[in-house]
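Please open the structure in your viewer and keep the selection panel at hand.

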Amino acid sequence: MSQIQARFFTEDKRYVVDDVPFSIPAASEVQELSNVINKLLEAKNASHSKVEFDFLVRGQFLRTSLSAHMETESILTEEVVEIEYVERITAPEPEECMMHDDWISSADADAEWILTGSYDKTARIWSTEGKPVMTVPGHTDVVKDVAWVKREGLTSLLLTASLDQTVLLWEWNSERNKVEARHCCRGHAGSVDTISVDPTGTKVRLERARQKLKRQQRTPLMTLSGHSEAVSSVLWCDSEEVCSASWDHTIRIWDVDTGGMKTTLTGSKVFNCISYSPLCRRLASGSTDRHIRLWDPRTKDGSLVLLSLTSHTGWVTAVKWAPSHEHQLVSGSLDNLIKLWDTRSCKAPLYDLAAHEDKVFCVDWTESGLMLSGGADNKLYTYRYSAQQAEA
Amino acid sequence: MKKAGEKTALKRSKEEEEEQNQIFNFNRKPADEDKDDDLSDSEDSVYSGLEDSGSDAEGEEGSEEEEEDDDDDKMKERTEEEVSEEKKEDEYEHDSSDEEDIRNTVGNIPVEWYKDFPHIGYNLDGKKIYKPIRNKDELDDFLDKMENPEYWRTVHDKQTGSDIVLSDDQVELVNRLQRGQFGDVNFNEYEPMVEFFSSDVMIHPITNRPADKRSFIPSLTEKEKVSKLVHAIKMGWLKPRRVEDDGRGRYYDLWASEDSSILARHRMHLPAPKIPLPGHHESYNPPPEYLFTDEERALWEQQDPGDRKLPFVPRKYSSLRQVPAFSHFIHERFERCLDLYLCPRQRKMRVNVNPEDLIPQLPKPKDLQPFPTTQSLVYRGHSGLVRSISVSPSGQWLASGSDDGSVRFWEVCSSRCMKMVQVGGAVKSVAWNPNPSVCLLAVALDSVVLILSPSLADKQVILSSERLLSAQQEGEEPAEGNGSVVWSEAEGEELNQGVRLKIQHPKAVHQVVWHAKGDYLASVMPDNTSHLQVYIHQLSRRRSQNPFSRNKGLVQCVSFHPIRPYFFVATQRSIRIYNLVKQEMTKKLQANSKWISSMAVHPGGDHVICGSYDCKLSWFDLDLSTKPYKMLRHHKKAVRGVAYHRLYPLFASASDDGSVIVCHGTVYNDLLQNPLIVPVKVLRGHVMTHDLGVLDVTFHPTQPWVFSSGADATIRLFT
């Protein structure tokens with residue numbers, strides 16, 4: 001059996017091994033390599049307990065045997081192969097299931113509270129443990145999107161957008177558990193499908209499903225028009241840039257100071273959702289052709305797809321980057337599945353979460369490693385995601 | 001195994017050789033004698049005088065005979081002797097061929113050449129072989145014959161002129177050969193066959209000898225030869241064989257001078273048509289099923305001779321001998337001759353066409369993207385078959401009308417039913433007002449057309465649609481033109497549900513359709529007996545009129561031209577196009593199908609597709625002809641609905657076989673270029689219910705998506 005010279009290294013200080021090349025069988029797979037590392041660590045440190053590792057060869061996760069992987073990636077087997085290893089990401093563990101009265105259209109969570117919007121025309125506030133805290137009625141039609149604005153002590157500001165063409169700004173005091181409508185933002189000539197709050201929490205961006213994006217504080221500050229069809233998703237890239245995805249097959253990036261359009265990224269299918277990761281500075285988009293595509297918003301020419309992640313069998317309705325990991329993202333689809341992806345393993349997702357019994361409409365991911373997903377089966381699932389991985 | 005076989009074969013061949021040797025030893029002389037026999041038949045007279053001579057040969061023969069006599073008891077010794085003898089023997093003796101007589105070296109020449117000499121040839125040492133002294137006359141011969149018991153086995157050797165007495169073995173051999181048996185008694189001609197090549201596939205090749213090295217390297221000798229030839233060609237020494245010029249002389253056209261008309265007649269000869277071969281019923285003893293029953297016979301007799309299937313009655317006879325003469329023989333021959341004479345024969349011109357060439361060159365479907373390929377969403381909620389669907393001009397909402405008496409409004413992107421209106425009757429048709437500045441839906445059920453305001457749009461839009469509906473009230477009172485159509489406002493519960501207007505028709509309404517501007521609305525009431533089949537309503541003035549004063553057939557569906565003031569009316573077999581301004585018919589399209597079910601007008605207005613219940617989809621190019629430009633027969637069952645996409649060059653047809661077929665249909669501005677129609681996708685998903693499949697199909701206004709509604713109470717979105 002052929003042997004390959006490999007050198008192992010890691011970023012994780014706890015699991016460092018000597019920097020010497022080893023000769024390992026070419027046919028060895030992840031489990032065997034993991035055993036090798038564990039042996040090495042045990043030899044070095046008697047108190048080492050067994051840890052499962054994942055291996056990266058030139059930035060790609062090893063999923064088959066080493067030789068097969070190197071062949072597909074066309075890496076020469078004569079040289080010493082640099083293999084990076086990281087602790088294996090453990091599967092997200094389902095925690096809570098929160099029953100709603102109707103389909104869940106959107107969810108937004110921060111460290112303490114979860115805010116969900118539902119087709120029963122209300123928004124709800126939940127604690128992260130899954131206890132219902134508050135129901136926010138007020139809209140006359142389906143709530144399509146919700147967002148936390150900011151929190152000062154016990155008082156939080158939150159936003160709900162609805163099909164009734166309004167966005168409501170609410171003030172919620174968690175101690176007294178009282179919610180008050182502060183403002184009603186009007187101005188859209190159509191249902192408001194998506195809103196997003198800028199990172200500093202002062203301006204609200206708000207979206208509409210009809211060709212125009214409006215940016216508001218109380219009255220619209222600015223209207224960003226250019227899309228020829230419904231805008232499906234909008235977000236702040238940073239405090240100067242707004243990014244919007246539309247059914248007219250384009251993603252546009254706008255400058256909020258001037259209100260002008262900076263870049264247009266053109267796809268071939270309808271975009272349902274986008275997400276931006278400040279860590280890797282990439283946009284991820286989910287579209288109706290079942291692919292998740294990664295874009296670089298800084299390119300000027302615009303139509304460059306960096307990577308396609310394909311595994312879903314229905315429309316991708318929600319996509320979210322991990323807030324603390326530059327390679328991971330989570331996606332939800334009409335095929336009832338949530339998938340956890342690592343961009344270093346683009347062929348297959350890390351994990352499929354098949355909790356939902358019906359279409360998935362929203363996913364979210366908090367800094368504290370809590371993943372949320374809600375859909376047409378009226379359930380909001382939360383998953384605990386191993387926290388130490390976030391450090392890595 | 002093979003080896004063993006080879007070995008046995010080898011062994012066997014050795015044995016054979018030995019046997020042959022033996023046979024050879026024994027037979028050498030007899031063989032010669034044999035030949036002599038033959039020869040003597042013809043040339044006896046020549047050597048008749050020599051017969052007695054050859055005493056030396058006789059001696060030889062005698063000694064051999066003695067040896068053979070000893071055979072029985074002295075087997076061993078003899079074989080030893082044989083072996084030693086064989087060893088002594090010179091190899092040329094074995095080598096000699098049958099026809100060569102080694103005792104006489106003159107060769108195979110006519111013996112009469114030596115007839116004047118005292119000798120008959122030369123022996124191996126070059127000495128003359130003398131003819132035996134001719135001392136035997138006829139009398140001696142006769143005496144010999146009488147007295148000599150060996151006479152019958154004495155033969156004359158012409159080559160040496162000597163008489164030879166055959167031994168018992170030799171006589172036996174001759175007898176065997178004469179009987180056509182093998183010369184050797186011990187030879188077994190039925191030995192089991194040893195198969196060198198068997199049908200079994202074995203793991204080893206017949207020979208494992210590796211191929212020679214020379215098999216892999218180019219031959220030097222060949223190279224030399226070739227280079228010589230090449231050199232010769234270069235130098236001009238070697239020239240290609242000249243083609244013999246045959247233009248003059250050797251071959252000529254025998255019939256050149258013949259009259260060309262005769263030739264032409266020969267060439268145009270048409271063979272007479274062949275009479276069909278006789279069948280079983282013409283047999284004298286046909287199988288019973290070919291015999292006529294009484295009814296068949298009665299029928300046959302009743303029929304006119306020209307109409308009869310058979311010109312005779314099949315009969316059964318026990319043997320051919322009993323078959324009488326065919327009474328109609330002369331008559332039949334005469335008929336045949338008459339046929340040949342009276343029926344002109346025709347030469348059929350057959351053009352050799354490659355079937356591949358007949359298939360038009362169509363682009364590959366994947367080059368025609370985008371078109372819907374997979375089922376994405378299923379809109380569930382109806383409990384009856386969904387007869388009609390319509391998408392709002394913005395593409396955000398979908399309305400559907402079902403047999404369960406409800407109209408539902410769906411959010412396209414989430415398949416959420418946002419609103420349901422119970423209208424209290426099976427909904428035949430729904431149509432969304434194409435004007436984006438109003439939000440109204442026309443619903444046909446029973447004999448009523450309802451105008452619904454679903455309030456699923458911007459407040460401004462809702463307001464403007466309300467204004468459109470109420471505009472008339474401020475104006476003059478509705479002029480009840482013919483009194484058969486009654487407009488009324490909805491009240492109470494219905495108003496809360498969104499019903500705004502009710503247009504009461506005299507008969508059941510089957511279809512409603514809007515004009516592109518959104519003010520006019522046409523409704524269809526199919527009725528064969530009346531001219532009141534189509535009404536055109538004006539919403540803003542609440543007026544209805546019947547544009548047609550005569551009944552031209554059962555109206556199936558109608559449609560407005562998207563741009564110009566034309567009106568399409570599809571009856572069972574044709575589509576009529578009326579100019580609404582001039583109030584006249586401009587064109588009549590013949591659909592070539594039995595019963596039109598649905599029709600759609602291209603957004604450009606110059607093309608029409610119509611589906612029919614006989615599984616056909618016809619595409620009409622209005623500029624081209626009144627006949628279909630193309631007929632597509634892809635569906636297996638009746639086509640129920642057809643639709644064009646507003647922006648993309650796509651059209652779709654829905655059928656009772658449960659499939660929706662999406663076709664690409666590019667229309668060119670250039671009048672000379674015909675539309676390009678390519679079927680690109682068959683979409684399946686609907687479940688067949690009560691023999692009904694897909695009932696309606698419609699496209700999303702902006703995306704290449706297609707909706708279909710089926711008898712299984714679902715609506716499906718394909719993207």
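Begin with the boundary between chain A and chain B, where 9 residue pairs are found in polar contact across the interface. The model is a predicted one, and both residues of each such pair have a pLDDT of 80 or more.

Next, select the side of chain A that touches chain B: its residues comprise 11 nonpolar, 6 polar and 8 charged. Then display both partners of the contact, to which chain A gives 25 residues and chain B gives 23 residues. Between them, the two chains bury about 1900 Å², and 51% of that area lies on carbon and sulfur atoms.

How many salt bridges does the rule find across the interface of chain A and chain B? There are 2. To view one of them, select Lys144(A) and Glu411(B), whose closest N and O atoms are 2.7 Å apart.

Now move to another selection, within chain B. Strand S17 of chain B spans residues 534-538, and Gln538(B) is found in this strand. Is Gln538(B) buried or exposed? Gln538(B) counts as buried because its relative accessibility is 9%, under the 20% cut-off for that class.

Finally, display the surroundings of Gln538(B). Leaving aside residues up to four places away in sequence, Gln538(B) touches Trp487(B), Asp519(B), Tyr520(B) and Arg543(B). Of these, select Asp519(B) together with Gln538(B): their side chains are joined by a polar contact of 3.3 Å.

How values were computed
Residues are numbered from 1 along each chain as its sequence is written. Chains are lettered from A and ligands numbered from 1 in the order in which they are written. This is a predicted model: local features need pLDDT of at least 70, side-chain atom pairs count only at pLDDT 80 or more; totals for chains, interfaces and linings use all residues. Side-chain values use heavy atoms; hydrogens and water are left out. Helices (H or I, at least four residues) and strands (E, at least two) are DSSP runs, numbered from the N terminus. Buried means under 20% relative accessible area, exposed over 50%, partly exposed in between (1.4 Å probe, protein chains only). A polar contact is a pair of N or O atoms within 3.5 Å; within protein, one must be able to donate a hydrogen and the other to accept it, and residues adjacent in sequence count only if both atoms are side-chain atoms. Contact means heavy atoms within 4.5 Å. Buried area is the accessible area (1.4 Å probe) that two parts lose on being put together, summed over both. A salt bridge is a side-chain nitrogen of Lys or Arg within 4 Å of a carboxyl oxygen of Asp or Glu. Ala, Val, Leu, Ile, Met, Phe, Trp, Tyr, Cys and Pro count as nonpolar, Asp, Glu, Lys and Arg as charged, and the others, Gly among them, as polar.
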